[in-house]
Every structure is written in C-alpha cells, then in structure tokens.
There are 2 protein chains.
Amino acid sequence: MRATLLEDVGKIALRESPDPVVQRPTDAVVRVTASCICGSDLHPYRGKVPTAFPKRVGHEFVGVVEDIGDEVTTVRPGDVVVAPFLISCGTCRYCRAGLQTSCENGSVWGTDDRSGARSDACQGDWIRAPLADGTLVRVGTELPDALLPDVLALSDVMGTGHHAAVSAGVGPGSTVVVVGDGAVGLCAVLAARRLGAERVVAMSRTPSRQKLAAEFGATDIVAGRGAEGIAQVAELLGDGADAVLECVGSQESLEQAAAVAHPGGRLGCVGAPLGNLPLGLLFMKNVRLAGGVAPVRAYLPELLDDVLAGRVRPGRIFDLELPLDEVAEGYRAMDERRAIKVLLRP
Amino acid sequence: MRATLLEDVGKIALRESPDPVVQRPTDAVVRVTASCICGSDLHPYRGKVPTAFPKRVGHEFVGVVEDIGDEVTTVRPGDVVVAPFLISCGTCRYCRAGLQTSCENGSVWGTDDRSGARSDACQGDWIRAPLADGTLVRVGTELPDALLPDVLALSDVMGTGHHAAVSAGVGPGSTVVVVGDGAVGLCAVLAARRLGAERVVAMSRTPSRQKLAAEFGATDIVAGRGAEGIAQVAELLGDGADAVLECVGSQESLEQAAAVAHPGGRLGCVGAPLGNLPLGLLFMKNVRLAGGVAPVRAYLPELLDDVLAGRVRPGRIFDLELPLDEVAEGYRAMDERRAIKVLLRP
C-alpha cells in the first residue's frame, strides 16, 4: 500500500509500505476512505519539534473495516469507522474515567504499539488499528459522502475544540473568546455555541476564516493581535470573558488568552504549548486553567450523534480536498495558510 | 504611633508614624493587638522583587476597633476584629462573587487607598482600615488570648492554605500532596484534612516542620526534593495525587507540583509565582490548575467559626512571639528559617 512519510523537514513523500495485517487478536485492519492533515503535522514538517526521520504521519481517518482479530467485538468487516488521534484500550482506569489520552496501554498512530507490532499512520491506503474495541468508533454500515468531512473532523479538530470549551466550563449564557483561527479554533467556536455560549468572540485576521467563524456562530470578530487585540476584546467585553479557548499554544497566544479572561475566569487550553504561560497574571486574577491533549475518544459518540443528525457541521473546516498522491501539495497549502485543513482521499 | 518600615533590602526599622484617624466615612481605626510577619514580606526584604523604599510592611492583624466613620455599620468601638491581607469593599461584583482579591475598589495595606488617603501597614500600633464593612470581620467583644494566634492565622496563611485546597478540589477521600512547608504549606495540610482528604503527603525536610505537618494531619512525610522527592511520592502514590497544593511558587516547586499530580489531577497554586509552569507536562496529563491570590475575606467567616469552636488550631504555626520593638529580629529569624512564622505584639 501507499503511506505518507515525512522524510525530512519540509519533505513529504508517498512511499510503498507493507500492507497491514491483523497481528494481534485485538487488531482491526481498516481501508482508509479519507484522512487529513493536522496543524500539528506542520510542527515536524517545519522543523519546530525534534523529529526522527523518516516519520510516518497522519493521525485522523475514516475508513471501512476489512478484517478483525478474534477478540474484537464492537466492529466487524464492512463497518464504517472513525478513529480518534490516539490509540486507547477502553478498559484501563484512565479510559474508564474518560481520559483516554492517558491510557495505560495506548500508543500513537505511526509509532509501533506497546506490543512491538508495527503501527501505520493514517495518511495512507490502509491501516492496522490496534486495540480496535477501545479505539475505533462504529459509524454504521454506510456513510453518505456529504457527511464524511463532518465525521472525519471528529477524529481530532472538532473533539479538540470541544475539549477546549468543556475544559473552560462553557455553558448556557457564557461569554467566550476563542484565540486561534485554525481548524481547532474554528471548531472551538462551533463547540462553544453548541454548549450554549451566548457570545463568542473569534480572534482572526483572515477574511476566509472570519467568515467561517461567523458561520460557526461567532457573534463578534476581533482582527487585532497582541496589545491591540486585547484592547479590542476589552472594548467588547469590559473586564474580559468567562471562558477563553486557547487553540494555538504560542507565546503570543498564551499571553493573549490570559489577558482576555476576567478575574475568576477560565482558560481552556488545547494548543500544544510552545510558550510559557503568564502565570503571574493568571495568579493575580485567579483565572483557572484546564485542558491539554483532548480525549477525543470520550467525546466521539456524543458528537457523532449530532453530526449524523446534521445538527453540527464541523466538516466545513475542510476547504481543500486532494487525492492522496498530492499529499505534498496538501502540506504546502497548509504551511502557506492557503488552506485551513486538507482532506485526502486515497 | 510606631510603624514598621522596610528601609532597604535587609533593613527593617520601627519608626514614628502619624497616628491614624478616621478620614473617610467608611473607615475604622483599629488598635492592633497582634500582627505577624509573612513569608511574602521576605521577598522585598531579600530584594527578590522590585521595591520602592521605604516601604510600610505587614498585612495581617487582629485588633480592637477604636473609632469608626459615619457609614460603618458592621463593627463598632470595642469590637475585636480580624482583617484579611487585602482591603475590599464587599459590594462590587467581584466581592459579591467571593473574589475580594479582585475588588474594584480595593487596595493593599500600607499603600495609600484609592481615595488617596494614607493607609497604614499592619506591623504597627494602630491602623486605619478603609472600607471597614467590606474588609474587617468581627470576632466578638473579646477574644481569649489562647485563641488569638488561631484568629490571626486567618488573616492570611490559613485562608491561603484553604484556598489551595479548595482550588484543587480537595474533598472527602482525596489524595493530596502539599509542596512547601512554610506557614501556608502547613496550613494547607490542615485545610486539606479539614475538607476530608484521606491521605495528605507533606513535602518537608525540616524536622520541626515535619512534626507540625503531622500534628496538622499529614499522613506521610516526603523529605526529598527534585527528582528524589518526585520518586518518593511515586513510591507512595503510584501515578500521583488527585490534588497538589503548591505553596511556594519557585521554579523547583512548580515543577515538583506538576510532576506529582496524576493524569486528570488538579493543582491548587497559592505560592506567588516566581518561576515558569511546566505547561507541556500539565498538558500531556490534562492536569487542571486553579488558585492565585487567596480571597481570604470570603473564607474568613466559615474558618472563624471553626477556630472559635476550637475545631482547628492554625495558630500553632506561630513558633516565635516577639514584642513589636524586636520586629527586626523577627525578620531575621524568618529569613534564616529559625522560625516558621513570627507573631508580634505591640
């Protein structure tokens, strides 16, 4: 089969890779029908994080089960499934607590699993899914093509935006600021509104992203950054927001997020942190902070119900669709911010 | 009257200062019967924070009301009162929400108040208490001397330790680690047990403080620091604690605190932050963080009930009592860690 490899900084290639087979009784083998490129895939692509090359890449997919191991009970061949961006067992104490990102038996797509079996990443034709019962979520026996992007968005960005909102305690009537207009930030707008937020300020300076933020329910757009952006939020909200959803993780965005929460407010952080938190400012204001790597698996069933019923349409974040063999162009488009998020079809 | 001044780094002096009088209709004038030295007073004393000298110091006191302004209704001359370490109005939206540390009309003892009237600090003979109804808490018409240290501890350290525990969500059955064996850390042990914690690990390497931690209800003592301390906690608690109470604020203690929380755990931070939080570690584990400058005023009535009934005895953190004219020796004793906390009587 074909699989995407990051061979060096900035160098994406589609290469032949061994066809996956069931290696453990808890495995499923899935034919990928759609995968996508994540903002976090850009970190190694840009050389922003230490990376061992070549690296198998991609951690989001929707597919059809082709084969299962003897112990798999929740999916069967022919089922359409969606996977979260991490592999988890579903049975350890952290999985039972809804924190599958801390699974005691979990692993990462593209990194060989804890039993030593080779694990594929998701930007490819096929994939071996370890711990299939814990990891995969059954969508049904078929999935209308119009809903495929929405379901695919649940594998990471929508669940992650939702985690930001849940972590920041967004509920009916909340006033919210979303820092970051990437796919996760835009999904955070959608998630905040879905949870009942009354006012959602999206911080974005790109017209196409501002437009999508408004479609997702943002009530206000703030185009400024840094001190200017903070002042613009203050004009709208006075002391600041009840809940701030930090969906970037850079030094600038962490500072922005801390500045726009009112005293006693809450920060939901889902941007992989590459900066330092202005702890003194949070401390003076008694601003709470929660979040982290999103336990998307915990949220998938609930969000999938809404997606299949057409109540939320997170798939609109995909503004570029490419065949898998143009994956390198997909990375370039996201790196250059020509695309918010790229959907790949094998 | 006499008032303590920090005249330069390491230079404490008792100097003559104008006798306070009622300047605003919301003022009370209080004769101080006991004040004390705070760990945070050591920051400017040691030159660790930018400071304008001379600085009036002290932000904790118990006293007797001598005079009140026309608008004061909750205390009257002759009443014994205790004050939190910040001045607050009691009526703004933050005060009503129990976050008096973000009071819109508040100020700091020893810094002239928002109306421009001179404000005294607390290590002195007398004090003008602005916004008396919002700030002062009436203890009664008398206070047995045996309970005075316990009531005085409510002005800061016990309320701050309690805030750490509340912020970290300590409740019945919780497993807790307390980082820091200063007066606040020791009070945090007491507060965690008062809230029902089942297991409280106190990190302390000083025998006298270990002893007091045990008297306050610590079930385990860990003497190690850094990697050694983290390993010792892991031996006791496996993955870590439900709740970690960070009562120091240094780089080392913030790292220690982040390391000993289990995935999904909670950090209650009350140590004034002088370091950076290891955000990546918290992010991977989805550890929540709350806390900050403690709204001691919000907790005072509840804690005072317990103190007056003899149910909690936080006053045991005072292990040195001096007359006010030996205040300089009190600072030296705390700076050299010869005393946990010093009580001063005018």
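Residues are numbered from 1 along each chain as its sequence is written, chains are lettered from A in the order in which they are written, and side-chain values use heavy atoms, with hydrogens and water left out. For this predicted model, local features need pLDDT of at least 70 and side-chain atom pairs count only at pLDDT 80 or more, while totals for chains, interfaces and linings use all residues.

An unreviewed entry lists "domain: Alcohol dehydrogenase-like N-terminal" at residues 25–118 of chain A. UniProt positions are given in the numbering used here, feature names are shortened, and annotations may be inferred rather than shown by experiment. Residues 25–118 of chain A are 9% helix and 29% strand, with the end C-alpha atoms 14 Å apart. Helices (H or I, at least four residues) and strands (E, at least two) are DSSP runs, numbered from the N terminus. The feature "domain: Alcohol dehydrogenase-like C-terminal", also from an unreviewed entry in UniProt, is placed at residues 183–305 of chain A. That span is 48% helix and 22% strand, and its end C-alpha atoms lie 21 Å apart.

Helix H5 of chain A (residues 157–167) packs against helix H6 of chain A (residues 183–194), with the axes coming within 7 Å and crossing at roughly 55 degrees. Axes are lines fitted to C-alpha atoms, for helices over the stretch in contact, and angles run from 0 to 180 degrees between N-to-C directions. H5(A) and H6(A) are therefore oblique to each other; angles under 35 degrees count as roughly parallel, over 145 as roughly antiparallel, 65 to 115 as roughly perpendicular and the rest as oblique. The crossing of H5(A) past H6(A) is right-handed, a term used if the near helix is turned clockwise from the far one by less than a right angle, with anticlockwise giving left-handed. On the H5(A) side, the contact (heavy atoms within 4.5 Å) involves residues including A:Val157, A:Met158 and A:Ala165, which meet a set in H6(A) including A:Ala183, A:Cys187 and A:Arg194. The residues of this contact between H5(A) and H6(A) comprise ten nonpolar, three polar and one charged. Ala, Val, Leu, Ile, Met, Phe, Trp, Tyr, Cys and Pro count as nonpolar, Asp, Glu, Lys and Arg as charged, and the others, Gly among them, as polar.

H5(A) also packs against helix H11 of chain A (residues 296–308), at an angle of about 100 degrees and with the axes 9 Å apart. This angle makes H5(A) roughly perpendicular to H11(A). In this contact, A:Met158, A:Gly159, A:Thr160, A:His162, A:His163 and A:Val166 of H5(A) meet A:Val296, A:Tyr299, A:Glu302 and A:Leu303 of H11(A). The contact of H5(A) with H11(A) is made up of five nonpolar, four polar and one charged.

Cis peptide bonds were assigned in chains A and B. The bond from A:Phe53 to A:Pro54 is cis, with omega near -10 degrees, and A:Pro54 lies in the loop between helix H1 (42–45) and strand E4 (55–56) of chain A. In chain B, the bond from B:Phe53 to B:Pro54 is cis with omega near -5 degrees, and B:Pro54 is in the loop between helix H1 (42–45) and strand E4 (55–56) of chain B.

Positive phi values occur at A:Arg337, at about 55 degrees although the residue is not a glycine, and at B:Arg337, near 60 degrees. A:Arg337 is in the loop between helix H12 (327–335) and strand E18 (341–345) of chain A. The loop holding B:Arg337 runs between helix H12 (327–335) and strand E18 (342–345) of chain B. At 42% relative accessibility, A:Arg337 counts as partly exposed, and B:Arg337, at 42%, also counts as partly exposed. Buried means under 20% relative accessible area, exposed over 50%, and partly exposed in between (1.4 Å probe, protein chains only).

In chain B, B:Thr175 lies in strand E11 (residues 175–179) and counts as buried at 19% relative accessibility. B:Gly185, in helix H6 (residues 183–194) of chain B, is buried with a relative accessible area of 2%. Leaving aside neighbours within four places in sequence, B:Gly185 is in contact with B:Val178, B:Gly180 and B:Cys247.
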